[in-house]
Amino acid sequence: MTTPVDLHCHSNISDGILPPDEVVRRAHARGCQLFALTDHDDTRGLALAKATADELGMGFVNGVEISVSWGKHTLHVVGLGFAADDPTLLAGLAQVRSGRAERAERMAAGLEKLGLTGILEGARKYADNPEMISRSHFARYLIEIGRCKDMKAVFKQFMVRGKPGFVEHEWARLHEAVEWIRGAGGVAVLAHPGRYEMGNETMRVLLTEFKRQGGEALEVVSGSHGHADVHRFKNLAKEFGYLCSSGTDYHATGEGAREPGLNADLPEGCEPVWTRWAPTLGPLPRPH
Ligand code: AMP
Ligand code: MN
Ligand code: MN
Ligand code: MN
């Protein structure tokens with residue numbers, strides 16, 4: 001059973017490959033009924049994505065995935081259903097983006113110490129939106145030149161903390177991201193919590209803090225969650241009183257497990273976040 005909802009997807013406005021209209025068409029072709037484009041730190045794809053969804057008659061929710069520093073952890077907070085012209089949100093996102101160019105230079109310098117050359121130019125070729133140059137663009141270039149076979153391998157070898165292509169970076173504060181989203185009338189969702197390398201105690205501190213700051217939902221179903229993650233975060237959502245979200249985190253065909261548009265069903269007992277925008281869509285019946 002799948003849910004015709006996808007509230008987490010990327011276009012080439014951040015580190016996805018397809019332009020916004022093509023991601024929307026791909027999701028719709030797979031049967032999606034409610035879709036959110038959630039590019040990292042940038043909302044410039046939303047107008048085209050919404051126009052395309054309107055043309056296709058598919059439900060559309062404005063989205064963004066904000067990069068956050070929380071202590072030594074980098075977290076991603078998805079905002080859904082906000083007003084895309086909110087000046088405080090737009091200024092906040094511009095500020096988050098502003099450090100990326102220099103970060104990219106430092107990442108390239110780290111990789112060039114290994115004897116690799118032309119790394120920055122190579123990564124830039126993949127970054128259609130130069131303000132949003134990211135580790136994914138470096139990774140695609142390292143695959144192109146044959147250093148690694150896939151995204152998983154290249155991150156592990158080069159792009160994570162302690163590796164030559166990683167640099168420490170200060171993103172938005174957690175409370176800022178939540179305030180920008182809520183100030184624009186949106187819902188703040190903690191993205192793919194199963195990806196954060198933290199023990200249960202720290203996760204509980206995070207869920208307590210996020211809730212206190214106005215966070216309303218957890219992404220229980222995600223392209224980067226296995227069954228155990230889904231089960232764990234369904235229970236934590238219930239315990240902490242969070243709504244539940246679901247998204248593929250699609251970036252590019254061939255790079256991840258899931259295509260955009262359809263997702264595994266939310267487990268029983270989850271209160272779907274999307275009832276705010278599509279009350280007739282959820283909760284969906286269980287298979288017999
Ligand atoms: P950045 O915002 O520049 O730090 O890039 C982060 C992006 O890299 C994420 O949004 C993912 O798309 C991608 N990413 C991070 N870790 C991995 C990984 N282990 N495997 C594949 N992609 C990853
Ligand atoms: Mn990404
Ligand atoms: Mn993410
Ligand atoms: Mn994402």
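**Close-up 1. Sequence spacing and donors of the manganese ion (ligand 4).** Along the chain, the residues that donate to the manganese ion (ligand 4) follow the pattern H-x1-H-x54-E-x183-D. In this predicted model, the protein donors are His8 and His10, each through NE2, together with Glu65 through OE and Asp249 through OD. These donor atoms lie 2.1 to 2.2 Å from the manganese ion (ligand 4). The manganese ion (ligand 2) is 4.5 Å from the manganese ion (ligand 4).

Close-up 2. Distant parts of the chain are linked here by the pair His76 and His192, which are 116 residues apart. His76 belongs to strand β5 (residues 73-80), whereas His192 is in the loop between β7 (187-190) and α9 (200-213). A distance of 5.4 Å separates the manganese ion (ligand 3) from the manganese ion (ligand 2).

Close-up 3. Ligand 1 sits in the largest pocket. The residues around ligand 1 are Asp15, His40, His76, Arg100, Arg103, Ser134, Arg135, Ser136, Phe155, Arg195 and His251. By class, this shell has 5 charged, 5 polar and 1 nonpolar residues. Helices α4 (100-112) and α6 (135-144) each supply at least two residues of the shell.

**Close-up 4. Side-chain polar contacts to ligand 1.** A polar side-chain atom of His40 lies 2.8 Å from an oxygen atom of ligand 1. For Arg100, an N or O atom of the side chain is 2.9 Å from an oxygen atom of ligand 1. His251 likewise places a polar side-chain atom 2.9 Å from an oxygen atom of the ligand. Taken alone, ligand 1 exposes 500 Å², of which the protein buries 79%.

Notes: Residues numbered from 1 in each chain as written. Chains lettered and ligands numbered in written order. Predicted model: local features only at pLDDT ≥ 70, side-chain atom pairs only at ≥ 80, totals over all residues. Heavy atoms only, no water. Near = heavy atom within 4 Å. Polar contact = N/O pair within 3.5 Å; in protein donor to acceptor, adjacent residues only side chain to side chain. Areas by Shrake-Rupley, 256 points an atom, 1.4 Å probe, with all protein chains shown as cover. 1 Å grid on protein atoms, 1.4 Å probe; cavity = no way out; pocket = protein on both sides within 12 Å on 5 of 7 lines; lining within 4 Å. Sits in = over half its atoms within 2 Å of the grid points. Helix = DSSP H or I, 4+ residues; strand = E, 2+ residues; numbered from the N terminus. Nonpolar A, V, L, I, M, F, W, Y, C, P; charged D, E, K, R; others polar. Donors = N, O, S within 2.8 Å, 3.2 Å for Na, K, Ca; no water.
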